[in-house]
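Here's a quick briefing to read with the model open beside you. We'll go through charged pairs, the nonpolar core and a few residues worth a look.

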Amino acid sequence: MQTFNLFQQRYYFFERIPRFHISAIFHTFAGLFLWVQQSNTLNVFKQDLIINTKNGTMKTISSLLLTLLFTVPLMAQDGSLSEKELRSIRASFTPGNETLALMNAISNNNIKDLALSRKNRGKVNEYFSDRIDIKGITDQKSSGRCWLFTGLNMLRVKVIEKFNLETFKFSENYSFFWDQFEKSNLYLEGIIETADKPLDDRKVEWLIKHPIGDGGQWTGVVDIIEKYGLVPSEAMPESKNSENTSRMRSLIRKKLRKDALMLRKMIREGAGEQEVRKEKINMLKDVYKMLVLSLGEPPQTFTWQYKDADGNISEPREYTPHTFFGEVLDVDLGDYVMFMNDPTRAYGKLYEIEYDRHMYEGSNWKYINLEIDLIKDFAAASLKDKEAMYFSCDVGKQLDKESGTLDVLNYNYNDLFGIDFTMTKAGRISTFQSASSHGMSLIGVNILEDGTIDKWLLENSWGNESGYQGLLIMTDKWFDEYMFRLVVHKDYVDEKTLEILETKPIVLPPWDPMY
């Protein structure tokens, strides 16, 4: 009994120390065991394992050896895989004709193609009870500017209607230029504000990792337009680098990271605020130069002339970006409300993501977290009134690009592998399995006779060769699972919900899963 109690004490001791320490102890006692064996004293130790001796030292060593003999086989329970467990895992896969045929199919083909549900093909049609007519599909090409295309697509509908145009596009390149420039300033200001923190501080580390990017959201659309106005596409057309942003973005990031280290060094060595900000402006001059050389220089004035759907040609007029914005759009961008459906957090609350904005003086991403059914009610009311909306989602999930459908039944990986991959929306969000990855304009809904909705229509920015004539058809169930953000005009939102905007927001860090 005394020996067993000693074993318990020793085992609990070994169980609580790190694995690399256990490894060191194991090697020490293994060496000791070999010495005992070579010195022909093994029989002494064997006796001492059972009977008490007067030699306390020898008793301690032999007791530890006993503990080691019991502990080594138990160590396989620390997370490493034992031979027995590996044999069990291997045995769980039973080769057979059906299994081998499946292995041949999966290993020699695209998994997504094999999981495509033939049974579900053709069940989602293109008919909608309420739909906004779109004239011309835009194409963001190889860039992450979906948020900008979405916002401008949502607004260009109003210009086409107001001037009776066959088609119209705002210059995404113009707005993108100022977005990248303002983000550079925001980044450098963040570096200045956190200069007293070490590089491994979480916020500093986040800033260093994310100096600038193509991505964004609705508040960026609003801030860029209100500060810099808008121009038609012909006033600042796309460039090779606006359509293929990766190299330009990589170089600007490198420049900003270099500048970050310089600013931190200046502040650490006692430079005053005026000197630091002067150096920041010099750094931004370099960024401006890079943007001009890559995208072209933004116009300060331009001439616009148009031909309407009836063939009437307008007189050419000169505009600034601000006068053009004021004339072609009769909207107050502050009248739009952003909603989110995040089941990991409390509904009916206002949230704000720190640093998730496009310019230093701009607005952080701020949204009301709301139940999905309420968001749908607002969306349907808006579409009935021909008001398009900014919509963002996890587009890669269950997307059949060929048919242009977003349907939770498009792909069946469960049956293909015989494994259940099902997760709740909350589970996917909290484990980074799902998040908003793409923005599109919500332009249609199909409301059935009983008032229920079976599908929605999205205007995409992947060109007219993608999806269904450049559009994506989304089932109502897919909306539930993979919709994240929706921007709705306040005219279609009830007063009780609008009152949430007056409450103090819950501030979330920029590394939050919803960012």
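In which helix do glutamate 481 and lysine 477 both lie, and how many residues apart are they? The two sit in helix H19 (residues 476–482), four residues apart, or about one turn of the helix. Keep in mind that this is a predicted model.

**Salt bridges inside a helix**

- Which partner is buried and which is partly exposed? Glutamate 481 has a relative accessible area of 19%, so it counts as buried, the cut-off being under 20%. Lysine 477, at 46%, is partly exposed.
- There's also a network to look for: salt bridges with shared partners link Glu189, Glu273, Arg277 and Lys280.
- One of the pairs to check is arginine 277 with glutamate 273, whose closest N and O atoms are 2.8 Å apart in a salt bridge.
- Arginine 277 and glutamate 273 are separated by about one helical turn because they are four residues apart in helix H14 (residues 273–295).
- On the accessibility side, arginine 277 comes out partly exposed at 26%, while glutamate 273 is exposed at 60%.

**A salt bridge across the sequence**

- By the distance rule used here, the count comes to 30 salt bridges.
- Lysine 141 and glutamate 243 make one of them, with their side chains meeting at 3.5 Å, N to O.
- Lysine 141 is in the loop between strand S1 (130–131) and H8, and glutamate 243 is in helix H12 (residues 240–243), so this pair ties together parts that are 102 residues apart in sequence.
- Lysine 141 itself is partly exposed, with 43% relative accessibility.
- As a general point, side chains of opposite charge can pair when their charged atoms come close.

**The nonpolar core**

- How many residues does the largest nonpolar core have? The number is 111, and those with the most contacts inside this core are Phe170, Trp218, Leu442 and Trp456.
- Click on tryptophan 218 to see what surrounds it: leaving out residues up to four places away in sequence, tryptophan 218 touches Gly151, Met154, Leu333, Tyr336, Met338, Tyr390 and Val487.
- In soluble globular proteins, nonpolar side chains tend to be buried together.

**A buried asparagine**

- Asparagine 185 is found in helix H9.
- With a relative accessible area of 12%, asparagine 185 is buried.
- Leaving out residues up to four places away in sequence, asparagine 185 touches Lys280, Leu284 and Tyr360. Lys280 is also a member of the salt-bridge network above.

**Positive phi in loops**

- Asparagine 164 has a phi near 55 degrees, which is positive even though the residue is not glycine.
- You'll find asparagine 164 in the loop between helix H8 (146–163) and helix H9 (172–193), and at 32% relative accessibility it is partly exposed.
- Phenylalanine 432 is another non-glycine residue with a positive phi, this one near 65 degrees.
- Look for phenylalanine 432 in the loop between helix H18 (425–430) and strand S10 (438–447).
- Is phenylalanine 432 buried or exposed? Its relative accessible area is 60%, and exposed means over 50%, so phenylalanine 432 counts as exposed.

Terms used: Residues numbered from 1 in each chain as written. Predicted model: local features only at pLDDT ≥ 70, side-chain atom pairs only at ≥ 80, totals over all residues. Heavy atoms only, no water. Core = buried A, V, L, I, M, F, W, Y, C linked by side-chain atoms within 4.5 Å. Buried < 20%, exposed > 50% of the residue type's maximum accessible area, 1.4 Å probe, protein only. Contact = heavy atoms within 4.5 Å. Salt bridge = Lys/Arg side-chain N within 4 Å of Asp/Glu carboxyl O.
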